Number of protein chains: 2
Amino acid sequence: MNKVGTPKGMNDFSPNQMVKRNYIISNIKKVFEQFGFMPIETPSIEKIETLQGKYGDEGDRLIFKILNSGDFLSKVDLVESSTSKEISKKIVNKGLRYDLTVPLARYVAQNKNDITFPFKRYQIQPVWRAERPQKGRYREFFQCDADVIGTKSLISEIELIQLVDNVFKSFELSNVTLKINNRKILEGIAETIGVPEKLTDITIALDKLDKIPVEKVEEELLSKGIGKKEIEKLNKIISSGFEILNLREILKDSSRAQEGIDELQYIFKNIEKTNIKLSFEPTLARGLDYYTGIIFEAVCTSSSIGSILGGGRYDNLTGVFGLKDVSGVGLSFGLERISLLLDDLDLFPKNIETFTQVMFVNFGNDCVVTAIKYSTELRKRGFSVEVYPDDVKLKKQLNYANKKKIPFVAMIGTEEIESKKISIKNMLTGEQILSDINGLVKILDE
Amino acid sequence: MNKVGTPKGMNDFSPNQMVKRNYIISNIKKVFEQFGFMPIETPSIEKIETLQGKYGDEGDRLIFKILNSGDFLSKVDLVESSTSKEISKKIVNKGLRYDLTVPLARYVAQNKNDITFPFKRYQIQPVWRAERPQKGRYREFFQCDADVIGTKSLISEIELIQLVDNVFKSFELSNVTLKINNRKILEGIAETIGVPEKLTDITIALDKLDKIPVEKVEEELLSKGIGKKEIEKLNKIISSGFEILNLREILKDSSRAQEGIDELQYIFKNIEKTNIKLSFEPTLARGLDYYTGIIFEAVCTSSSIGSILGGGRYDNLTGVFGLKDVSGVGLSFGLERISLLLDDLDLFPKNIETFTQVMFVNFGNDCVVTAIKYSTELRKRGFSVEVYPDDVKLKKQLNYANKKKIPFVAMIGTEEIESKKISIKNMLTGEQILSDINGLVKILDE
């Protein structure tokens with residue numbers, strides 16, 4: 001027999017982990033709904049053509065492909081198609097969801113006549129990527145997405161930033177910085193230094209400024225065919241300290257950049273005091289090819305866990321599925337990252353793993369019948385109750401209650417049955433009292 | 001471009017459908033937790049050897065297989081392995097979860113040292129089967145399972161039946177019959193008529209009694225090599241009407257049957273009054289090879305939707321994963337079937353699709369700033385609020401609110417800003433009043 005276990009990068013979640021995950025999801029859902037987002041779900045499996053070509057070459061390689069059912073080889077000429085790439089086209093027509101954005105685009109294009117726009121939807125589901133697993137990065141992980149589709153209004157950006165603030169506040173998470181940029185400013189920079197066609201190279205270089213020395217960045221730009229003169233201009237922009245008002249002056253000849261700065265200023269002006277820190281970061285890029293306006297990303301500065309949220313505006317999400325000119329803006333919380341973070345910072349509420357409020361001890365057939373009756377009565381009143389199933393040593397039963405952090409244990413032996421009482425043990429203090437069922441109800445109600 | 005859509009048998013769920021699904025799941029979860037079940041989740045993808053050989057030949061065929069990543073053909077000799085079956089062994093080492101029971105068995109075997117037994121776990125996740133789709137049967141569907149692992153006590157059966165009762169009560173679903181049988185009684189029947197080795201054939205035949213005439217059933221038994229004498233004995237048992245007391249007498253020589261009847265009587269005796277009808281059905285078999293004790297299944301007699309819940313006791317669940325002698329009992333609610341049923345019977349609560357309590361109309365840049373401020377204030381107080389993002393015709397904005405069933409619309413134009421008031425429109429009655437923010441809070445609180 002092979003070693004029993006899960007596939008690489010895929011995890012089980014124990015009750016202790018699940019109550020934490022459920023806590024995070026339920027907080028996020030609550031805030032999503034407070035902002036008028038409605039849930040949808042899409043299938044885990046999509047047609048392969050829906051997925052392929054949407055995430056770049058690297059993304060295509062990381063999609064989990066599902067073998068066609070039945071005699072999948074029957075129509076394949078093995079001599080003609082002998083490489084993995086060629087044969088996989090013939091034996092695969094489905095793949096596993098890679099993110100929640102492409103399925104959303106497919107959903108919107110497909111249901112455009114039934115949807116009332118602007119469409120505010122949230123979606124909390126797993127996605128799969130055949131990446132090399134590492135801390136905080138798994139092959140199956142949950143995304144918690146909210147998007148507004150079908151409006152260009154910046155009010156959507158404002159609401160999303162408020163939403164982010166409310167979610168992190170609900171976790172009592174402080175030291176969160178929301179880095180914000182606008183792709184239009186990046187375009188304006190490339191335009192202003194005279195190489196608009198080198199937008200990607202310049203963005204990648206800017207993104208490295210806080211990691212490697214400026215000389216190294218310059219070397220890289222030179223190697224990409226950007227001239228000394230342009231690099232000098234870029235340096236002047238960098239040395240301005242990326243202050244938004246300086247940038248407005250420096251990029252004054254780029255109407256694109258001015259538009260981007262206007263948008264950012266409108267957003268900053270109209271957001272009330274937040275708990276998170278909003279920070280303009282002109283080097284932030286995140287999936288540049290994809291976003292066309294605002295880009296944002298959240299990190300917690302008390303931790304090295306990295307980005308716990310990302311998002312932005314995209315002006316042509318559904319075009320590839322045949323629905324043109326639909327603008328959207330959205331964000332995605334990473335469940336696993338947030339879970340690691342709240343664990344690191346000890347921010348999960350105490351006692352979230354306790355469901356059962358009282359356990360009835362099993363003193364054998366005659367007595368347990370009474371315990372069953374009481375348990376039914378208590379559940380009718382809304383309490384969470386268990387009857388220990390086996391007539392084993394008391395110590396073993398109490399150990400079970402302890403392990404499950406059940407706060408009260410109720411004992412009904414022959415004496416208690418005669419006197420119509422219940423012995424109630426407080427598992428935290430060890431204190432034990434004799435009471436009737438109403439007394440137990442009172443204790444559980446406290 | 002190919003037609004945009006989901007793969008065969010896999011569905012999107014719109015907001016309207018999702019709120020119904022969430023209603024069902026949240027009710028089921030609440031009852032699971034009231035009985036002390038704790039959540040776990042297992043990965044969607046399992047090693048192929050974990051799945052294969054567990055569901056019979058037919059099941060093996062219906063497992064969705066995941067193609068190995070990268071250059072999967074590199075180690076495959078195409079001449080040597082030229083059939084689909086042979087080659088799939090070499091290019092597939094993972095598959096999609098087929099049910100929640102085998103992953104549970106794997107989980108328990110793998111974590112036996114960390115689990116406190118009896119282990120009461122619930123699990124609500126999708127499973128995938130490459131079956132032919134039909135009404136109420138999809139290729140991706142949700143199971144809602146609860147199991148008690150590591151005890152033989154019938155108290156678990158009693159608690160599960162009470163749990164079923166509470167779940168259906170929470171849906172205000174009447175006319176539910178819980179059919180109950182015990183595999184030991186089926187064994188006792190085969191034993192008593194003298195052909196214990198024909199248990200499966202006899203079970204299949206008994207299961208057909210309410211569908212085809214008794215003569216046809218007899219023909220089938222004859223064709224399976226069961227003699228006239230045995231069939232006559234079987235007929236005598238059938239003609240007893242399957243009354244439990246009659247059966248005790250008829251099957252008096254089978255200790256196995258007596259044990260089964262004892263168990264059923266203990267269970268029936270100790271269950272308080274239920275809303276669902278408990279019905280002893282000696283012909284019920286459900287996955288006979290799997291269950292070893294109690295078997296049950298729920299149907300709603302007001303509908304033709306079929307079984308909405310199934311379950312039973314299995315004495316050797318984890319054996320195949322190397323952990324012997326662990327008995328368990330569990331059940332599985334079918335989310336899609338229950339959803340169809342509640343739809344058919346119009347049992348979903350009204351207004352579950354309404355999250356947003358008030359929408360602020362957008363009267364353009366100057367006015368909407370005030371709307372944003374008020375919306376922030378109202379969300380702080382816990383209300384669900386939207387600001388319409390675009391400055392478009394009022395009619396379009398009201399139409400959005402109507403479609404989303406938002407009960408109140410708040411309007412702030414220049415007049416309202418001057419007088420620090422809000423025009424509040426009740427979308428149901430059409431009534432409109434002028435009030436301040438405290439008045440709006442009062443209305444939303446009602």
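How many residues of chain A are in contact with residues of chain B, and how many of chain B with chain A? Please describe that interface.

Modeller: The model is a predicted one. In it, 106 residues of chain A are in contact with 106 residues of chain B. The size of an interface is often given as the accessible area lost when the parts come together. For chain A and chain B the buried area is about 8,700 Å², and carbon and sulfur atoms account for 60% of that area.

Turning to specific interactions, chain A and chain B have 6 salt bridges between them. A:Lys120 and B:Glu386 form a salt bridge; their closest N and O atoms lie 3.5 Å apart. Polar contacts across the interface of chain A and chain B come to 38 residue pairs, with both residues at pLDDT 80 or more. On the side of chain A that touches chain B, the residues comprise 48 nonpolar, 34 polar and 24 charged.

Helix α9 of chain B (residues 214-223) packs with helix α10 of chain B (residues 228-239) at an angle of about 140°, and their axes are 10 Å apart. The crossing of α9(B) past α10(B) is right-handed. On α9(B) the contact is made by B:Val214, B:Glu218, B:Leu221 and B:Leu222, and on α10(B) by B:Lys228, B:Ile231, B:Leu234 and B:Asn235. Sorted by class, this contact of α9(B) with α10(B) has 5 nonpolar, 1 polar and 2 charged residues.

Technical notes. Residues are numbered from 1 along each chain as its sequence is written. Chains are lettered from A and ligands numbered from 1 in the order in which they are written. This is a predicted model: local features need pLDDT of at least 70, side-chain atom pairs count only at pLDDT 80 or more; totals for chains, interfaces and linings use all residues. Side-chain values use heavy atoms; hydrogens and water are left out. Axes are lines fitted to C-alpha atoms, for helices over the stretch in contact, and angles run from 0 to 180 degrees between N-to-C directions. Helices (H or I, at least four residues) and strands (E, at least two) are DSSP runs, numbered from the N terminus. A crossing is left-handed if the near helix is turned anticlockwise from the far one by less than a right angle, and right-handed if clockwise. Contact means heavy atoms within 4.5 Å. Ala, Val, Leu, Ile, Met, Phe, Trp, Tyr, Cys and Pro count as nonpolar, Asp, Glu, Lys and Arg as charged, and the others, Gly among them, as polar. Buried area is the accessible area (1.4 Å probe) that two parts lose on being put together, summed over both. A salt bridge is a side-chain nitrogen of Lys or Arg within 4 Å of a carboxyl oxygen of Asp or Glu. A polar contact is a pair of N or O atoms within 3.5 Å; within protein, one must be able to donate a hydrogen and the other to accept it, and residues adjacent in sequence count only if both atoms are side-chain atoms.
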